[in-house]
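Hi there,

Here is the structure I promised to pass on to you.

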Amino acid sequence: MWDMILLSILILVIVAGVYMLYSFIFGAAYFPSYDIQSLRRAVKKSLELFKDQDQIVFADLGSGFGRVCFEVVKIDHKIKCVGVEIDPIKVFWSRLMASIKRLEDRVVFIRGDIRKTDTRGFDIIYMFLWPGITREIEEKIFRDRGRTRVIISLEHPLRLGRVEKLGKYYIEYIS
Ligand SMILES: C[S@@+](CC[C@H](N)C(=O)[O-])C[C@H]1O[C@@H](n2cnc3c(N)ncnc32)[C@H](O)[C@@H]1O
């Protein structure tokens with residue numbers, strides 16, 4: 001009896017571990033953002049650049065279960081958040097949470113590959129990925145030449161614009 005229970009727990013732990021890691025093949029495994037307090041400060045600081053806008057489009061590229069979007073829309077009523085995520089289960093969960101929280105008009109989750117996502121309509125772009133894909137997407141944002149004025153990256157450095165550091169967050173300003 002105990003053998004079966006222990007075996008089931010072991011299988012569950014392995015399945016959960018594989019699930020967290022498998023998206024690595026697309027560019028980054030799953031791990032939730034932390035130190036949300038510093039992220040809030042980074043976003044608040046960036047908002048000064050958008051004083052004249054009625055709406056600020058924030059994007060979380062690789063949005064996981066949607067937590068970052070749910071946090072940033074609390075910061076300012078002008079923020080709308082777009083999460084882009086490759087894993088359909090995480091997208092399904094994020095959309096479900098958006099409807100439970102009644103935030104469908106402020107947060108949108110799109111299933112897609114961030115390497116192919118058009119970034120031109122995003123004012124602030126957030127990433128918590130892996131170093132290689134972070135550099136790749138940063139270069140793409142500069143190439144896309146859209147309205148993006150701020151990129152925020154957790155843990156992995158940004159290099160192409162003026163960069164400040166706040167805790168483990170890199171904040172890059174595009175002029
Ligand atoms: C480290 S997690 C960050 C999750 C969330 N942004 C957060 O900070 O809590 C990275 C996420 O990026 C997703 N991801 C990895 N490669 C991707 C790709 N090429 N396109 C879209 N999403 C991707 C993974 O599935 C994972 O959910």
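What follows is a short tour, from the whole chain down to single residues.

First, the ground rules. This is a predicted model, in which local features need pLDDT of at least 70, side-chain atom pairs count only at pLDDT 80 or more, and totals for chains, interfaces and linings use all residues. Residues are numbered from 1 along each chain as its sequence is written.

**The whole chain**

The chain holds five helices and seven strands; helices (H or I, at least four residues) and strands (E, at least two) are DSSP runs, numbered from the N terminus. Along the sequence they follow the pattern α-α-β-α-β-α-β-β-α-β-β-β. The radius of gyration is 17 Å, close to the 16 Å that the globule rule gives for 175 residues, so the chain is as compact as a globular protein of that length. Here the radius is taken over C-alpha atoms, and the globule rule is 2.2 Å times the number of residues to the power 0.38. Taken along the principal axes, the C-alpha atoms fill a box of roughly 65 × 35 × 30 Å.

Of the 175 residues, 31% count as buried. A residue is buried if 20 or more other C-beta atoms lie within 10 Å of its own, exposed if 12 or fewer, and partly exposed in between, with C-beta atoms placed from the backbone. As for contacts between residues at least 6 apart in sequence, 60% join residues at least 24 apart; two residues are in contact if their C-beta atoms, placed from the backbone, lie within 7 Å.

Helix 1 covers residues 2–22, and its 21 residues should span 30 Å at 1.5 Å a residue; the end C-alpha atoms are 30 Å apart, which agrees.

In soluble globular proteins, nonpolar side chains tend to be buried together. The largest nonpolar core in this model has 37 residues, of which Phe58, Val72, Ile124, Ile125, Tyr126 and Ile152 touch the most other members. By nonpolar core I mean a set of buried Ala, Val, Leu, Ile, Met, Phe, Trp, Tyr and Cys residues joined through C-beta atoms within 7 Å. Beyond its neighbours within four places in sequence, Ile125 is in contact with Ala59, Leu61, Thr119, Ile141, Thr148 and Ile151.

**Around the ligand**

The shell around the ligand counts 24 residues, and Ser23, Gly27, Ser33, Gly62 and Gly64 come nearest. The elements that give two or more residues to this shell are helix 3 (67–72) and strand 2 (79–85). By class, the shell has 11 nonpolar, six polar and seven charged residues. In this count Ala, Val, Leu, Ile, Met, Phe, Trp, Tyr, Cys and Pro are nonpolar, Asp, Glu, Lys and Arg are charged, and the others, Gly among them, are polar.

**Some single residues**

Most residues other than glycine have a negative phi. Asp35 has a positive phi of about 50° although it is not a glycine. Asp35 sits in the loop between helix 1 and helix 2, and counts as partly exposed because it has 14 C-beta neighbours inside 10 Å. Arg102 also has a positive phi, of about 55°. Its place is the loop between helix 4 (88–100) and strand 3 (107–111), where 8 C-beta neighbours inside 10 Å make Arg102 exposed.

Ile36 belongs to helix 2 (residues 36–47) and is partly exposed, with 13 C-beta neighbours inside 10 Å. Its C-alpha atom is 9.8 Å from that of Arg67, 31 residues away along the chain. Gln37 is also in helix 2, but counts as exposed, with 9 C-beta neighbours inside 10 Å. Gln37 and Glu71 are 34 residues apart in sequence and 9.9 Å apart, C-alpha to C-alpha.

Finally, Lys80 lies in strand 2 and is partly exposed, with 18 other C-beta atoms within 10 Å. Leaving aside neighbours within four places in sequence, Lys80 is in contact with Gln55, Val57 and Arg106.

Best wishes

How values were computed. The expected span of a helix is 1.5 Å times one less than its number of residues. A residue is near a molecule or strand if its C-beta atom, placed from the backbone, lies within 6 Å of it.
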